Amino acid sequence: MVSYAEASRIVREHADRLVARHAPQPTGLLDTLGRVLAEPVLADRDQPPFPRSTRDGFACRAADVAAAGLPLEVIGSIRAGDPVVIEVSAGKAVEIMTGAPVPAGADCVVMVEHVQRDRDTLRLSPGRSVQPGENIVPMGAEARAGAVIVPRGTRISPAQVAVAAACGSAELSVFGRPRVAIVATGDELVEVSQQPQPHQIRNSNSYSLAAQILAAGAEPVRLPIARDERGHLEGIIRRALETDLVLLSGGVSMGKYDLVEEVLLSLGAEFFFTGAMIQPGKPVVFGRLGKHYFFGLPGNPVSTMVTFSLFVEPVLGALCGDSGRGPRFAQARLASEVQVKTGLTRFLPAWLVDGNVEPVSWQGSGDLASTSRSNCFLVVPPDQPLLGAGETVTILL
Ligand code: AMP
Ligand code: MG
């Protein structure tokens, strides 16, 4: 049994040695969402490609306007999309719309709200001023032609889709999705489509894991439920070894029918840790069988999900080509006091709103219903029996 910090370090150490499992493929822009970029997106031209007005107003010379509110002559108008043919000289102004190219000779844009206009003449309103450069984004200020605008290894989110579109990339080169085997173990389990007997439980872990795998940009492979019986479990583990990463749920505690470690060991597995000082998720195991990494995740549904976030994500991220992937933590203000027993790092389902966080009441690590009403986990360090109201605390997002 290792501490949470030690377990995280071990996982990170292995993840850092992994590289993307599958070769890059050219992929249609919208299909790249959540995938990892294998080749950088380059700016195909300066961004913006011309000095861009950020306001509706008048392009002119700041020095002219500053000179005691002298009137300027309005000599034309430019809309977004117009090619620029006009030049602005001393004492002149050109009407301009947001997003339009600022004409040569002008060094500022005065907002339309800040001027008084009388037909073709224009004055700055009393009390207003304008500085050179105001309301203009210079050509190339966002990116120079040829510069890396999204680096390799970036996980594509909507902002990167937008920037790639702006650079004319209808396709991007992204790494292939690793395939991740999901093996739920337990004689009490039935598939979601089956009607459970009163003593049976639906196999929800295969779904939570599949959803987490999909969200991580990988491909889940849901295998049949493994019975708590050596031969059957071994047969399903062998099938799981046809994928890139193996996740097992259940069967890693100390019970008489918890056979996962035993079967993996008999197949020649090495273990990097068997158990971490956390709650939920204490029985979690991490190891390798041949060239396959595997995780044995505890079967309690919240434990399964939390241990995925904490430990599987960094390894899966690396197999996707996203080497920095891992649990995301943030700080928040604790809304009301929390008392726990020391010794374990705890992850309590909690509700975060406006920077304030409060644990939701729950029935422990089997309580999916309460967890589904949470939007983060409050992290309680192993040596802190009491977190006071108003304290700054860490949350797992
Ligand atoms: P285990 O880790 O095998 O001792 O499982 C702990 C408890 O988690 C079991 O008693 C079940 O109630 C629950 N459980 C195990 N596997 C699953 C699963 N695949 N889906 C939903 N609940 C599960
Ligand atoms: Mg079990």
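Which residues have the most contacts inside the largest nonpolar core? In this predicted model, they are Leu245, Phe295, Phe311 and Leu316, within a core of 57 residues. Helix α7, spanning residues 301-320, supplies the largest share of this core, with 11 residues. Another core, of 20 residues, lies apart from it and includes Leu223, Ala240, Val246 and Val263.

Phe295 illustrates the packing. Leaving aside residues up to four places away in sequence, Phe295 touches Val11, Val285 and Phe286, among others. Its contacts also include Leu245, Val246, Leu247 and Leu248, as well as Phe311, Val312 and Val315.

At Val312, α7 bends by about 55°, and Pro314 follows within four residues. The C-alpha atoms at the ends of α7 are only 25 Å apart, whereas a straight helix would reach 28 Å at 1.5 Å a residue. Just after α7, Gly321 adopts a positive phi of about 100°.

Most peptide bonds are trans, and most residues other than glycine have a negative phi. The bond from Gln47 to Pro48 is cis, with omega near -10°; Pro48 sits in the loop between β2 and β3. A cis peptide bond also joins Gln279 and Pro280, with omega about -5°, and Pro280 belongs to the loop between β19 and β20.

Arg119, in the loop between β8 and β9, has a positive phi of about 50°. Asn135, in the loop between β9 and β10, has a positive phi of about 65°. Arg119 is exposed, at 72% relative accessible area, whereas Asn135 is buried, at 14%.

Definitions and conventions:
Residues are numbered from 1 along each chain as its sequence is written. Chains are lettered from A and ligands numbered from 1 in the order in which they are written. This is a predicted model: local features need pLDDT of at least 70, side-chain atom pairs count only at pLDDT 80 or more; totals for chains, interfaces and linings use all residues. Side-chain values use heavy atoms; hydrogens and water are left out. A nonpolar core is a set of buried Ala, Val, Leu, Ile, Met, Phe, Trp, Tyr and Cys residues joined through side-chain atoms within 4.5 Å. Buried means under 20% relative accessible area, exposed over 50%, partly exposed in between (1.4 Å probe, protein chains only). Helices (H or I, at least four residues) and strands (E, at least two) are DSSP runs, numbered from the N terminus. Contact means heavy atoms within 4.5 Å. The expected span of a helix is 1.5 Å times one less than its number of residues. The bend at a residue is the angle between axes fitted to the seven residues ending there and the seven starting there.
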